[in-house]
Amino acid sequence: MSNQSAATATKLSVNLNAVAFLRNRRDMPWPSVIEMARLVLDAGAHGITVHPRPDQRHIRFSDVHDLSALIAADYPGAEFNVEGYPTPEFLDLAMASKAHQVTLVPDAPGQSTSDHGWNVAQNLDLLQGSIDALRRNGQRVSLFVDVDASSVLAAAEVGADRVEFYTGPYAALFEGGQHRAELERFSDAAQAARHACHNARPDTPGLTMNAGHDLTLANFPALKAVLPDLAEVSIGHGITADALIMGFPEAVRRYLQVLS
Ligand SMILES: CC(=O)[C@@H](O)[C@H](O)COP(=O)(O)O
Ligand SMILES: NCC(=O)COP(=O)(O)O
């Protein structure tokens, strides 16, 4: 495998947490998570991401079931990605949702948002058991990881199908124009992913890469330049902010342009 990887279009999974958060300000059904899912998928987004948290402050468990039914009925080509910490309740929900991809994230129950990736060694039994159960249920499993080679290799060893790079620190540094060193970290971690020996699929070397957290139209292109083979991004806060100005269909079209 060479150090240079062929560029591929990165898929866009739109995270609807922020829409649900707005809806939950009132005891009302709108803005509707289902209606927004239709809007973004009709505009060409490849999938929908939700991160139900234990307090259901934005995505409710019922939303997960409703979105699953919508995608199965009307958008069979779209991908449903459910993210969260693997409690028994979350695993039951994720399995019942038949999500195509389950992304395991190491967030404590009351955490305001995700702010770090897994320490795989310290959570080996939890991750091993969760990954095995989800894979037996026919679901792809991605692990949310910090941008370093050791985390990527640990994810491959524990049997994850993919990693999702935590891009929060990159996005913060980008704001101040101080992101060059962070891009080098992505290059190194990506090289590890491309060469990783995969425990669950020993015949298929390499670990597929996703990324997410605070990605925007502005900060994505520099990331794509060092990760030309990035498979998928999940984007919520940034695209929702853009959608408030330009509408979801136009926001999706603009993100698809920078992702290609
Ligand atoms: C794993 C990740 O980065 C996202 O799922 C993010 O944490 C969204 O969660 P909130 O919308 O609750 O901030
Ligand atoms: N996995 C990251 C995600 O779903 C979206 O995060 P953000 O764009 O809302 O920061």
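Which residues is His 51 in contact with, leaving aside its neighbours within four places in sequence? I started my notebook there, keeping in mind that this is a predicted model.

**Entry 1: His 51**

I found His 51 in contact with Asn 15, Asn 17, Ile 59, Glu 83 and Gly 84, once neighbours within four places in sequence are set aside. I placed His 51 in the loop that runs between β2 (47-50) and α3 (61-74). Buried or exposed, I wondered, is His 51? I counted 24 C-beta neighbours inside 10 Å, so His 51 is buried, the cut-off being 20 or more.

**Entry 2: the annotated positions**

I then checked the record. The unreviewed UniProt entry gives the annotation "active site" to His 51, Glu 83 and His 213. These positions are spread over 163 residues of sequence, yet I see them cluster in space, with a largest C-alpha distance of 12.3 Å.

**Entry 3: His 213**

My next stop was His 213, in the loop between β7 (208-212) and α9 (220-226). I noted 26 other C-beta atoms within 10 Å of His 213, which is why I list His 213 as buried. Leaving aside neighbours within four places in sequence, I have His 213 in contact with Ser 114, Tyr 166, Thr 167, Gly 168 and Ala 171.

**Entry 4: around ligand 1**

What surrounds ligand 1? My list reads Asn 17, His 51, Arg 53, Glu 83, Val 105, Thr 113, Ser 114, Phe 144, Gly 212, His 213 and Gly 236. Sorted by class, I get two nonpolar, seven polar and two charged residues in this shell.

**Entry 5: the nonpolar core**

I looked next at the largest nonpolar core, which has 71 residues. Leu 16, Ala 155 and Val 163 are the ones I found touching the most other members. For Leu 16, with neighbours within four places in sequence left aside, I wrote down contacts with Val 33, Met 36, Ala 37, Ile 48, Val 50, Ile 59 and Gly 236.

**Entry 6: strands β3 and β4**

I followed β3 (residues 79-84) and saw that this strand pairs with β4 in the parallel sense, over four bridges. Gly 84 stands opposite Leu 104 in β4. I checked both faces of β4 (residues 101-104) and found them covered: Gln 101 and Thr 103 are buried on one side, Val 102 and Leu 104 on the other.

**Entry 7: Ala 108**

Last, I looked at Ala 108, in the loop between β4 and α5 (124-136). I count Ala 108 as exposed because it has 8 C-beta neighbours inside 10 Å, and the cut-off for exposed is 12 or fewer. I also noted that 9.4 Å separates the C-alpha atoms of Ala 108 and Pro 54, which are 54 residues apart along the chain.

Key: Residues numbered from 1 in each chain as written. Chains lettered and ligands numbered in written order. Predicted model: local features only at pLDDT ≥ 70, side-chain atom pairs only at ≥ 80, totals over all residues. Near = placed C-beta within 6 Å. Nonpolar A, V, L, I, M, F, W, Y, C, P; charged D, E, K, R; others polar. UniProt positions renumbered as here; feature names shortened; annotations may be inferred. Helix = DSSP H or I, 4+ residues; strand = E, 2+ residues; numbered from the N terminus. Contact = placed C-beta atoms within 7 Å. Core = buried A, V, L, I, M, F, W, Y, C linked by C-beta atoms within 7 Å. Pairing = 2+ DSSP bridges.
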